[in-house]
Amino acid sequence: TNIFLIKLFMDFKLFMTCPRGFEELVQREISILGGKNCHVDAGGVHFTANLESVYKINYSSRLGMNLLLEISIFDIDGVDSLYEQIKEIDWKNYLTIINTFSVQVRIRNSTNIHNSHFAKLKIKDAIVDYFFDRYNDRPSVNIKNADIPVNIFIDQSTVKVYLNSSGNPLFKRNYRTKIHKGALNEVYAAGLIQMSGWDKKNDFFDPMCGSGTFAIEAAMHLNNIPSGLL
């Protein structure tokens, strides 16, 4: 109980990913939803927030794609160093042998590691070996629907390890039972509506309405319906 209360009130380091060009909009949205110490990066916003705000942002954000919770940061000098540092993370705090996990890797300006697929394999091996060394058993990998999605960002020699607190990307609002091939991503629609300067007082008109994404997102925005309601 004490550990739960500590986690409830402590601030976590977070990164909300978003489409390029939406960073300033996301920064403003996160500040309204309880995020603190926000600063913009390419493709997202870094900030801190407590556990309540993590849930609130996942439930309410119209403009973010994935809310990532930082669990480790370290420097490496190559693939072997990456493996060892990942294996040193106390993974039992985040998953068990009955969980499934997935790994996504993004590399930017790295002088040591250039192949994201190879890096992903080494990271997966490190996590599996962590459990096998302790329990003689291991969690399974599930690429499409993992219990614990792990996101790794490698920037030059610095590695940041995140858990994806959103699970499915936040653009999946679940108000559609079938998605048209040409349907616009819901996050893009919500962002473009805000960029348009629509004041929620004048009529909203979409002359190109196909599957209705702009109209649906505008109606949800107008009526203060949380994006994650469904």
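β2 and strand β3 (residues 44-49) run antiparallel to each other, joined over four bridges; two strands count as paired if DSSP finds at least two bridges between them. Within this pair, V40 sits opposite V45 of β3. This is a predicted model, where local features need pLDDT of at least 70, side-chain atom pairs count only at pLDDT 80 or more, and totals for chains, interfaces and linings use all residues. Numbering starts from 1 along each chain as its sequence is written, and side-chain values use heavy atoms, with hydrogens and water left out.

Zooming out, the eight strands make an open, mixed sheet ordered β2-β3-β1-β4-β8-β7-β5-β6. β2 (36-41) and β6 (140-141) are the edges, each with a single partner strand, so one side of each has no neighbour in the sheet. Strands (E, at least two residues) and helices (H or I, at least four) are DSSP runs, numbered from the N terminus.

Angles run from 0 to 180 degrees between N-to-C directions, using axes fitted to C-alpha atoms, for helices over the stretch in contact.

| Helix | Strands touched | Angle |
|---|---|---|
| α4 (residues 79-88) | β4 (66-75), β7 (148-155), β8 (158-164) | about 115° with β4 |
| α5 (residues 116-135) | β5 (100-108), β6, β7 | about 140° with β5 |

S81 belongs to helix α4. S81 is buried at 17% relative accessible area, where buried means under 20%, exposed over 50% and partly exposed in between (1.4 Å probe, protein chains only). Beyond neighbours within four places in sequence, S81 contacts D75 and I76. Over in helix α3 (residues 51-60) you'll find Y59, partly exposed at 37% relative accessibility.

How values were computed
Contact means heavy atoms within 4.5 Å.
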